[in-house]
Amino acid sequence: TYQDDDDVLLALAGILSQSNASTQNIIGYQTMAEGDKVYNSAYLINADGSVSGRYDKTTLLSFFEEPLIRSRSRTAIPMLTQGGFDNVLRGKGKNYLPTHIGNARVMICNESLLPDYSRKKGEPPAFLVNISNDAWLENTQNIAQHFYIARLRALEYNKDMIVNSNRGISGIVSRLGVVQTMSRSDSPELLIGTIRPNNKTSFFARFPLFFPGMALLWLFFWVFLYIYKGKKSAKN
């Protein structure tokens, strides 16, 4: 859990202090709440070690961070009514961090898999960030799928995206879905790349139901045509 004098933060501040004063770092931590409850959080750390912002995960992972079905009865179907870490709370604050180069829309772990997450109301982000722990998914095809869906999010919302995945695939994806750099490693490594922040809102973000609506109309058209031709053939 986050503490001002945490050894990791002190070491991080020492590294950042040797770089440009505007250098910032986004790091994942748990944040203590009431009792033994915690938030799954992302912190924005400045070069001097101070905190500029915090985002608490709003879409929790079913079976792990919250049960699939919320129930007061803990004895009925425990697999569905209990999570692996029932002490994680759902965040309620802003879903971005105010970096020096613009607002970063942060997606923690499974949040990048959900298109609804990036359609939340508010000021449009300048770029996207996905931080996750894919060690749980090691040796499965979900590793590659997670990074692929992150590319789709960048393309859908016309935003450059930074992906940092523990034991998964990390990299930088342009707003066009082009991978600038990517790597999968079992040990710490440094990836260097460039992002271009922008505050434009994509067509998909403005009209999220347009494409599903067109697909539904197209389906109705062919169903109507099929029925019409069937009736016409029956008359003949």
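A pocket here is an open set of points on a 1 Å grid over the protein atoms alone, with protein on both sides within 12 Å along at least five of seven lines; its lining residues have an atom within 4 Å of a point. The model is predicted: local features need pLDDT of at least 70, side-chain atom pairs count only at pLDDT 80 or more, and totals for chains, interfaces and linings use all residues. Residues are numbered from 1 along each chain as its sequence is written, and side-chain values use heavy atoms, without hydrogens and water.

Start with the whole chain. Its secondary structure comes to five helices and ten strands (DSSP runs, H or I of at least four residues for helices, E of at least two for strands, numbered from the N terminus). Of its 236 residues, 35% are buried (under 20% relative accessible area, 1.4 Å probe, protein chains only).

Now turn to the second largest pocket. Its lining has 14 residues. L61, C109, N110, L113 and L137 lie nearest the centre. Helix α3 (residues 142-157) gives the most to this lining, with four residues.

The side chain of S112 reaches the backbone oxygen of C109 at 3.3 Å. S112 sits in the loop between β6 (102-108) and β7 (127-133). Is S112 buried or exposed? S112 counts as buried because its relative accessibility is 0%. Leaving aside neighbours within four places in sequence, S112 is in contact (heavy atoms within 4.5 Å) with M107, N130, H146, I149 and R153.

Terms used. Buried means under 20% relative accessible area, exposed over 50%, partly exposed in between (1.4 Å probe, protein chains only). A polar contact is a pair of N or O atoms within 3.5 Å; within protein, one must be able to donate a hydrogen and the other to accept it, and residues adjacent in sequence count only if both atoms are side-chain atoms. On a 1 Å grid over the protein atoms alone, a cavity is a set of points where a 1.4 Å probe fits but cannot get out, and a pocket is an open set with protein on both sides within 12 Å along at least five of seven lines; lining residues have an atom within 4 Å of a point.
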